[in-house]
Amino acid sequence: MRIAVIQFPGTNCEHETLVAVRDAGMDGEIFRWNRPEQELSEFDGYIVPGGFSYQDRLRAGVIASKEPVMATLKEEAAEGKPVIGICNGFQILVESGMLPGSGEIDLALAQNVMVKGGRIVRRGYYCGWTTLRHESLPRRSCGSFLLDGGALLQMPIAHAEGNLVTAKEGLIQELADEDQVIFRYCNSSGTAVDEFPVNVNGSTENIAGICNPEGNVLGMMPHPERAIFSWQLPPPGRRPPGPGPGRMVFESMRRFIEVSR
Amino acid sequence: MKIIGLADDEVDKDLRAAGIGMSVAEARSIAAVLGRDPTLPELFNYDAMWSEHCSYKSSRATLKEFLPTDGPNVVMGPVEDAGIVAIDDEWCVVISHESHNHPSQILPNEGAATGIGGIVRDVNCMGAKVVATADPLRFGDPYGPSANKVRWVAEGVVDGIWQYGDALGVPIMAGDIVFDESFDNNCLVNVVAIGVVKKDEIIRSRAPLGAGEGGYDVILVGKPTDSSGLGGVVFASEALREEEEATNRGAVQIPDPFLKNILFKANEDLFRLVREEGVEIGFKDLGGGGFTCASSEMGAAGGFGMELDLDLMHTAGEFPPEVLCIAETQERFLIISPPEHRERILEIYNKDWDLPGAAGAKASVVGKICTHDRYIVRDKGEKVIDVPIQHLTGGIRYERESKPRKIDLFEPDLVMPEDMNAVMLKLLSSPNIASREHVYRYYDTEVQGNARIRPGEADAGLIVPVRGKGFGIALAVDSNPFYGRISPYWAGATAVAEAMRNVACIGATPSTLTDCLNFGNPEKPEAFWEFREATRGLADSAKRLWLKGYPGQPVPIVSGNVSFYNEAPEGSIDPSPVVACVGIISDAEKAVTMELKEAKDRIYLIGRRYDELGGSEYYREIFNETGANVPQVRFEEERAMIHATIDAIDRGLAVSAHDISNGGLAISTSEMAIAQEVRLGLDLEIDGCGDASLSSDRLLFSESSGILLEVPANRAKELEELIRGFNLEPFDLGSVTDEAKLVIKRRGAPLIDLDLAEARDAWTSGLEEAIE
């Protein structure tokens, strides 16, 4: 089982993503943007990792989304192979029309706007740990395949543009109805309070991750690859050694590939 | 340029007209060595290489006189761009520490960003993976007469740091911020970077053995050379004058973290090639002094000469030879390598990583190493520079005059305020004590996935950078300008002691130190005295606090930087010897934070309270006084304190630890309760931890060195024994409670009875108010 971790100029999470892939029992390699894109077909699954591809020029993710390798990735996704976009990878999948999946750009990951008590208390870049609630059914998406409904997962975010918004009427409701909302930001007891710091970036209805209708393409702003060992979770020293919650995303991907074979 | 035969005033006029900063005597000495009038490009090259920034002409003798740079764990001392110490038999830490003060005052965003850009290159070029940075920052008074400018600088600097560091993908794990009116016109932006490398994979910044005989290539990699950062080192070697601000802007470099991100990955492939082929290369970043500095230093360090051709250099346009030589265009490296690997190396950068297509950059062969001893540069077929390479890089030395500054400070006569709760709230929200969260949320601490202890959780940051290895690397920085104002010597000594305490308070053993010495104009005897005193102080601490496990051996100082001329016509900065300390903990699982852990645990203090409130937050914030009794380092006691803390954490006796610094015992204990969401409180009795004659406010707010340890009640006796075993006195202050209140009593009478939720609100809002 081979996973391609796709690297654009400016990507900066490819190494820890590859560690996570391997840790979940899959083979993987970093796939540089200027390799012949046909070689991409040899892989069983794909991750578009985080970073600042093309320096976030114009809009985060937009330039990478036009690379030839993305056209091939779309074809592979149409075959049903799993694709997970993390942080900047999520932004790239949205810009390429792969999420929520119409082929059009239906969403934007806009600048973070932190609101508390009706007042904007901060804007832009923010790094911190969040709790995610798994909103969907088990097996709904390639990256949440093994998660129970309502499962809570601790993961960090680190981005300036993760505020999911849309101008398309009814889209948010549709995503919820179709169980395409995979993760929401919530507090430690699992309530999605729509206020900073629980809603850490101002995202519509606290949405942190969504999938396409088929479930084989998942995008999420939080970084599961930074939460694959329990020692990575704050506060330090309170947990027994073992896997971290982020590993479930990668193990889900593995299971998704196993059952779709 | 004509020098020989002209009168001094004529030479001076010509030098200034050409924009050259050197003295007439320096120009004459160059002409004498060359035996002719130097060319304009030659003068510019000497001017850069002999600048204070490149040559350490004022400071070198003092650094050599005082600083201990060797030790049993030192792999490489301060000879190249970064120092290296061993972690274990296989792995090493690489560390470098620089300042980017002048550029950041002029263009805060670009100045701070290129500060990170430069320091990470210094570490990377040793063959290392850069795993963390730290940023010690000093800004003016955010509520003073220059408030608008100060806030503009502070905001720009923070933006520059996160925009560069986050995009590059290197976590920012430590740092500190101090506001002090002496920085109104001269901010300090220091930056530290650390990397990891295997001992047998270190790459040196010099032409390797046989490079001259083999006619090795000189390959310039990175951004096309332009005129940005022109004269940066000369500008950094002068005091800032407002009327020259427009000109100085051109001396600030332009950051490009995007290109750096790609370059670092291509460099990894270069390092792999070097390993697999077993070939030795020279590799160095281009920083201050640009192309000339990097190339000539590498050639001279290998004992060779070199011939370079500017027509082969990739440039951003037409520029005169002196510009191409000394401009400080960012994101460039220089490789010296055998010609048989030329094709492969160029392929790595130009094809595999497509520098031209992805980022408009390139790798070009620009010359070769020779067995002669000249530094020769050609431009458009003409020889424009031909000088003895060792003379160019050797620099010059100055014996600067040193004269003690008359410091007219005294202890104020004060009346203790009635309402200590109000004092506590005022101190907790003061810009220098308030939580740094507002700033560190901009910093990506999680990239690379190595963070174990993050900013705000403890006195030092901790990363676990090598998978499969249990060791952690701790990083902390320190320096208190208010102490420097009273005594530069004790500012130096306490900076080292506190940085070491910080690292010890998470359980790591201090392994190495770096220093960035920020002062005023060294041509003024009082400023030079401050520099010497601070250096002597920090050296004394490094020597007398010992590398743990090696009695009598200093904690080595393996990297550093001197930044002079931090002054404006309005005055000089407070003496600021900024120190970074790296600690190693062999089992990172054992590291502890400062946050209180469990109700009923006991709180112990080690370190007696003395009448040492000079420069304290209490004096300044509450009474607007400086005072004179600056905290001193009692070397024997301090060493015991640091070593006892490391052992107590290693044995699992201390479950939390926090050192006493700004705001003294009262602030430090409250920080343990409010560092995270408030869950627990404290009930403490402080009588006896200082002389009975000491007033209660002095006990509470003295900034004498000390460490607070939390221990489970059933192991308190064990901890006491351990502390006594170090000839220290354990003070049992009281216990952790499950009520969110800080109660501090003396002889049973409450001094402080503070609601901790209110305390946390005050503490978390102070910084944002000061810089937004």
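In chain B, six strands build an open sheet in the order S14-S15-S16-S21-S17-S18, and their pairing is mixed. The edges are taken by strand S14 (451–453) and strand S18 (557–563) of chain B; each has a single partner strand, so one side of each is left without a neighbour in the sheet. The model described here is a predicted one.

Strand S17 (residues 509–518) of chain B runs parallel to S18(B), and 6 bridges join the two. One residue pair to pick out is B:Asp515, whose bridge partner in S18(B) is B:Gly560. Helix H21 (residues 525–544) of chain B packs on the sheet, where it touches S17, S18 and strand S21 (576–585) of chain B. The direction of H21 makes about 180° with that of S17(B). The loop between H21 and S18 of chain B holds B:Trp546. Although B:Trp546 is not a glycine, its phi is positive, at about 65°.

Chain A has a sheet of its own. This open sheet consists of 9 strands with mixed pairing, in the order S2-S1-S3-S4-S13-S12-S11-S8-S9. Its edges are strand S2 (27–32) and strand S9 (152–159) of chain A, each paired with a single strand, so one side of each is left without a neighbour in the sheet. From one strand to the next, the twist averages 25°. Within the sheet, strand S4 (residues 83–86) and strand S13 (residues 217–220) of chain A run parallel and are joined by 4 bridges. Here A:Val83 has A:Val217 of S13(A) as its bridge partner. Helix H5 (residues 247–260) of chain A lies across strand S1 (2–7), strand S3 (45–48), S4, S9 and S13 of chain A, and runs at about 155° to S3(A).

Two cis peptide bonds in the loops of chain A also deserve a look. The bond that joins A:Phe196 and A:Pro197 is cis, with an omega of about 5°, and A:Pro197 sits in the loop between strand S11 (181–186) and strand S12 (207–211) of chain A. A cis peptide bond also joins A:Pro234 and A:Pro235, with omega about -10°; A:Pro235 is in the loop between S13 and H5 of chain A.

Turning to the interface, 42 residues of chain B are in contact with 37 residues of chain A. About 3,100 Å² is buried between the two chains, and carbon and sulfur atoms give 52% of this area. Between chain B and chain A there are 2 salt bridges, including one in which the side chains of B:Lys265 and A:Glu14 meet at 2.5 Å, N to O. Polar contacts across the interface involve 17 residue pairs, with both residues at pLDDT 80 or more.

On the side of chain B that touches chain A, at least two residues each come from helix H8 (147–168), helix H11 (257–277), helix H14 (342–352), helix H18 (437–440) and S14 of chain B. H11(B) gives the most to this side, with 7 residues. By residue class, the side of chain B that touches chain A comprises 14 nonpolar, 8 polar and 20 charged residues.

Notes
Residues are numbered from 1 along each chain as its sequence is written. Chains are lettered from A and ligands numbered from 1 in the order in which they are written. This is a predicted model: local features need pLDDT of at least 70, side-chain atom pairs count only at pLDDT 80 or more; totals for chains, interfaces and linings use all residues. Side-chain values use heavy atoms; hydrogens and water are left out. Two strands pair if DSSP finds at least two bridges between them. Contact means heavy atoms within 4.5 Å. Axes are lines fitted to C-alpha atoms, for helices over the stretch in contact, and angles run from 0 to 180 degrees between N-to-C directions. Buried area is the accessible area (1.4 Å probe) that two parts lose on being put together, summed over both. A salt bridge is a side-chain nitrogen of Lys or Arg within 4 Å of a carboxyl oxygen of Asp or Glu. A polar contact is a pair of N or O atoms within 3.5 Å; within protein, one must be able to donate a hydrogen and the other to accept it, and residues adjacent in sequence count only if both atoms are side-chain atoms. Ala, Val, Leu, Ile, Met, Phe, Trp, Tyr, Cys and Pro count as nonpolar, Asp, Glu, Lys and Arg as charged, and the others, Gly among them, as polar.
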